[in-house]
Amino acid sequence: MSGGFGERFLMLCVFSAVFNSLHASTEVCTNSILPGAKGDQGEVGEKGEQGRLGKNGPPGPPGVPGETGLKGDMGHTGKMGPAGDKGDQGDSGLDGPSGLKGKPGTTCDCGRYRKVVGQLDVSVSKLRNAVKFLKNVILGLKETEERYYLLVKEPRRFRDASMNCKLRGGTLAMPRTSNSNSLLADYISHAGLTRVYIGLQAHGKNTEGAGRYVYADSRPLQGFAAWSKGGELIPSVPPPTNSSCVELLSTGTWAHVECEVTMFYICEFPKSRRRGGGGVTLLDSGTDVSLLRKLLAG
């Protein structure tokens, strides 16, 4: 009896242990899920449709300057500009080589022609003396190798004086050298005057800020100048509109004067061309006489 009870108790204990073991294993499987092994990589899908355009972003910083391009082709030639003013007479060139000897001329009786030529020489000489008398005595002209100068004793404003000289066939006097300036100064002094208008005006400033002066023929003042002390415009001060004209004093110096002032003036006339060669010059008396007629008419 006691042996059967012990066997039954032992079996009950074994059964209980097996039951507890199964119950514990069930809880482990129920509460703990372990991840499986990593699967194989799938295939690449097809390219999707293009998305909508986004808004424009802010402008980026300026780029690095590019390299200088190649020089372009030359443009079309422009229209020809107007002819410039007549330049001053150049220096005489060197004598050229002697020409070939000419053929001998025919023999003729030149006695009668010599007589006619002699009479013409006498007439030309008389005409030259008459023209010289008119120029120097009646009109009081002064002259150089290239120009005549006439002192007009009619008080006028600068503009009217310039117009009167043009009507006579010349311009207001333009002393460009010390010799011509001295000649005009002596001309004024001997006439008992102290100042006259000359063909020179101030027109604003040049690129360096100094006063810009222009002659009556629109050429700029270059080289020679005879300003009195303080007579030239101060570079930093522009000339007043009514005092941009220039006068020549009997001392040979220049000074500024108001253009509305009335005073005497000197006109300048270019001499006529002289014809001839080999050291022989023929005065174009007809042209000089025509000039004298204009001066007398003025």
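**Two disulfides under the definition**

Student: What makes the link that joins Cys-165 to Cys-267 a disulfide?

Tutor: The sulfur atoms of Cys-165 and Cys-267 lie 2.0 Å apart, and a disulfide is a pair of cysteine sulfur atoms within 2.5 Å, so this pair qualifies. Cys-165 sits in helix α3 (residues 158-167) and Cys-267 in strand β8 (residues 263-270), 102 residues apart. Helices are DSSP runs of H or I with at least four residues, strands are runs of E with at least two, and both are numbered from the N terminus.

Student: What kind of model is this, and how are residues numbered?

Tutor: This is a predicted model in which local features need pLDDT of at least 70 and side-chain atom pairs count only at pLDDT 80 or more, while totals for chains, interfaces and linings use all residues. Residues are numbered from 1 along each chain as its sequence is written, and side-chain values use heavy atoms, leaving out hydrogens and water.

Student: How do you know that Cys-245 and Cys-259 form a disulfide?

Tutor: Their S to S distance is 1.9 Å, so the pair meets the same cut-off. Cys-245 lies in strand β6 (residues 245-249) and Cys-259 in the loop between β7 (254-257) and β8, so this link ties together parts 14 residues apart in sequence.

Student: What pattern do the disulfides follow?

Tutor: Counting bonded cysteines along the chain, the pattern is 1-4, 2-3.
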